[in-house]
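Reader: Please take a close look at the pockets of this model. Start with the lining, then follow the aromatic residues.

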Amino acid sequence: MSRYRTFTAQDAVEYARQFGGLDNPSSLVEAQEVGDGNLNLVFKIFDSAGVSRIIVKQALPYVRCVGESWPLTLDRARLEAQTLIEHYKHSPQHTVKITHFDPALAVMVMEDLSSHSIWRSELITNRYYPQAVHQLGEYLAHTLFHTSDFYLHPHEKKAQVANFINPEMCEITEDLFFNDPYQIHERNNYPDELENDVAALRDDAPLKIAVASLKHRFFSQAEALLHGDIHSGSLFVAASSLKAIDAEFGYFGPIGFDVGTAIGNLLLNFCGLPGHLGIRDAAAAREQRLTDIQELWNTFAERFQTLANEKTRDAALSTPGYASAFLKKVWQDAIGFCGTELIRRSVGLSHVADIDTIHDDAMRHECLRHAITLGKALIVIAGRIDSPEELVARVRQYS
Ligand code: SR1
Ligand code: MG
């Protein structure tokens, strides 16, 4: 019988005392539930001096933001812990450290990142972290290269693919990214004022074919162990640090999905900035986002290429020119997936604070409309956008 029970704050303290690995576990006295995501409980565990020392995270058996009517696998806690442990091996500077996990209780213990802030909040308030995009590019290159066929022995790769089969969490992405926005669905969530814009998505045949192709790749291309949900709310930043958290959507999928989701969230911020800073003051911050996107891709691609040159083990995949040809495909996938992130965050179940917290209704609607228009364009013309400079030109064209 399962040992699963939903933790109270006191349970979390006791668990942290037992499994937190601290020298003085009895100093842990209090827990605060701070989870603000869509899915899980997150407890900060404090010592008697009021200092937060450790995090205990537990998966609930349902989608938190919807309720018990939407049950969800507890196995996602194992998948999250194992994805983060795997990513930590390849990018320890940029992955949160998991120190313990218990699949039956769907609980993990991890390092406390109170010295950091969630990147999304910082982007919204226009606090700039000059190293963040470079570090994110490094994280993506190291984690994705070292879990790909370029690096893993074919037997090891297949064993890993099997271990990270994640059907229920993938189904959420499959539905929310590639189905819901393009049909009438009760999960969709957008203001009435956008009805015409959203109806146009349902009637756009070339768009829906391009989305089908992206979904097909998401279904079938086991290229590397993805984070699976690498948006700016899954990243903690500090002055010279960036750390990825929240990898319950981890599975072996197309590399362009992680890269595109990351770029998409920078573009969602780009779309929302005028609603927070005003049109005039947003201009410089928006320029910075466009520079950030170029730096993110360039860092990722250069590092991946270097790793491929130095560490590719497969004879055929090490053929000169192959890695760069593969990166071209990743880039085009990334632009397409980026477009689907823009649309699903504007029309679907799960939105982003970059736009949703804009107080002025008309301005918020304008920003949503902008994200939809840009997302649509990127999905359809992804194959014709050959470089980050070209992407920036297209973003300007649709602004
Ligand atoms: C039902 S879960 C909705 C969204 O929250 C997560 O953060 C993922 O982005 C998912 O798509
Ligand atoms: Mg998450």
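**The pockets and the rings around them**

Author: H6 gives the most to the lining of the largest pocket, with four residues. This is a predicted model: local features need pLDDT of at least 70, side-chain atom pairs count only at pLDDT 80 or more, and totals for chains, interfaces and linings use all residues. Residues are numbered from 1 along each chain as its sequence is written, and side-chain values use heavy atoms, without hydrogens and water.

The terms come next. On a 1 Å grid over the protein atoms alone, a pocket is an open set of points where a 1.4 Å probe fits, with protein on both sides within 12 Å along at least five of seven lines; lining residues have an atom within 4 Å of a point. Helices (H or I, at least four residues) and strands (E, at least two) are DSSP runs, numbered from the N terminus.

The largest pocket has a volume of about 1100 Å³. Its lining has 45 residues, and Asp36, Gly37, Asn38, Gly233 and Asp246 are the closest to its centre. Domain 1 (9-111) and domain 2 (117-397) both contribute to the lining, so the largest pocket lies between them. The domain bounds come from an automatic or database domain assignment. Elements that each supply at least two lining residues include strand E2 (40-47), strand E3 (52-59) and helix H11 (322-347).

Now the second largest pocket. Its volume is about 220 Å³. Trp297, Leu327 and Trp331 are among the residues that line the second largest pocket. Helix H10 (279-311) and H11 are the elements that give two or more residues to this lining. H11 has the largest share, five residues.

Trp297 and Trp331 also belong to one aromatic cluster, which includes Tyr151 and Phe304. Rings of Phe, Tyr and Trp (its six-membered ring) pair if their centres lie within 6.5 Å; planes under 30 degrees apart are stacked, over 60 edge-to-face, the rest tilted. The charged end of Arg313 sits over the ring of Tyr151, 4.1 Å from its centre. That label needs NZ of Lys or CZ of Arg within 6 Å of the ring centre and within 35 degrees of the ring normal.

Back to H6. The whole structure has 21 aromatic pairs. One of them, Phe178 with Phe218, is tilted, at 5.7 Å centre to centre and 50° between the planes. Phe178 lies in helix H6 and Phe218 in helix H8 (residues 205-220), so the pair ties together parts 40 residues apart in sequence. Phe178 is buried (under 20% relative accessible area; exposed is over 50%, partly exposed in between; 1.4 Å probe, protein chains only), at 5%. Phe218 is buried too, at 2%.

Technical notes: Chains are lettered from A and ligands numbered from 1 in the order in which they are written. Grid points are joined across faces, edges and corners, and a volume is the space filled by probe spheres set on the points.
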